[in-house]
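Let's take a walk through this one together. Have a look at the model first, and then we'll start at the ligand.

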Amino acid sequence: MEKTLVVFYSYSGIGRRAAQLLASHHGWPLGEIHDVHRRAGFAGGLRCVLDSLLRRRPPIRYEGPEPGDFDAVVIVSPVWAYQMAGPMRTFLSENAGRLRRVAQITTMNGAGAANAVAEAARLLHAAPILTAEFLVREIEDGSGTSRLLAFGDALASASLAQPPERRAMTEADLSQPMSH
Ligand SMILES: Cc1cc2nc3c(=O)[nH]c(=O)nc-3n(C[C@H](O)[C@H](O)[C@H](O)COP(=O)(O)O)c2cc1C
C-alpha cells in the first residue's frame, strides 16, 4: 500500500477544509504549515503580497508526520498576488530533497495557479505528478467536492503506476514489469 500525506498551508481556512476532506476521504494523514510570525490584519495581508512580489521564504513551523516517509505528498496552498503563498515556498525549498512524488492543489479567487505550479516544479526540480486548482467558491459551496475526491482517486492510481524515482517515465520504464 502506498503512503500518501497531505500537507497544507491555509490563511483563511479554505485550503484547510479542502485538505481535511481529501485526507479524511482517503484515510491519509495531514501535516500543517504554520507561520512563525502571525499574519493578522492589514499588515499581515500586506506581508502576504510582499512575500509574493519578492518571492520571499518566510519562516515556518511544520507540524505533522515526516514528509520523507511518504511515497507521495499532496501540497495544498493558496495563491497570493498571482504566486504560490510564501509559506509553501519555504516548505518546498526546505524539503525538496525529501519529497518523492508531489501532487499540488492550489486554491484561489480566479487566477495565478499556473504560476504556483511552475514555481513548485522549479523548487522540486521535477513537475508535480498531478495538479488541480479550486476556486474559493467551489470549496465553500461544495461544488468542487466531487472533483477534489476524484483528484485523490487519480493520485492513488497514478502513484501506484509510477516507478519510485522522482523522474518522468521513459519508454524504458514501459518495457519493465511493474512491481506493485
Ligand atoms: C494577500 C492575498 C492575495 C491574493 N491574491 C490572489 C490572486 O492573485 N489571485 C487569486 O485568484 N486569488 C488571490 N487571493 C485569494 C486567495 O487565493 C484565497 O483567499 C485563498 O485561496 C483561500 O485559501 P485559504 O483560505 O486556504 O488561505 C489572494 C488572497 C490574499 C489574502
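A residue counts as near a molecule or strand if its C-beta atom, placed from the backbone, lies within 6 Å of it. There are 21 residues around the ligand, and Ser10, Ile14, Gly15, Pro78 and Met108 come nearest. Helix H1 (14–26), helix H2 (41–53), strand S4 (72–80) and strand S6 (101–108) each give two or more residues to this shell. Helices here are DSSP runs of H or I with at least four residues, strands are runs of E with at least two, and both are numbered from the N terminus.

Bear in mind that this is a predicted model: local features need pLDDT of at least 70, side-chain atom pairs count only at pLDDT 80 or more, and totals for chains, interfaces and linings use all residues. Residues are numbered from 1 along each chain as its sequence is written.

Now step back to the whole chain. You'll find 7 helices and 7 strands, running in the order β-α-β-α-β-β-β-α-β-α-β-α-α-α along the sequence.

Why is isoleucine 33 called buried? Because 22 other C-beta atoms lie within 10 Å, and the cut-off for buried is 20 or more, with C-beta atoms placed from the backbone (12 or fewer is exposed, in between is partly exposed). Of the 180 residues in the chain, 36% are buried. The C-alpha atoms of isoleucine 33 and tyrosine 9 are 5.0 Å apart, although 24 residues separate the two along the chain.
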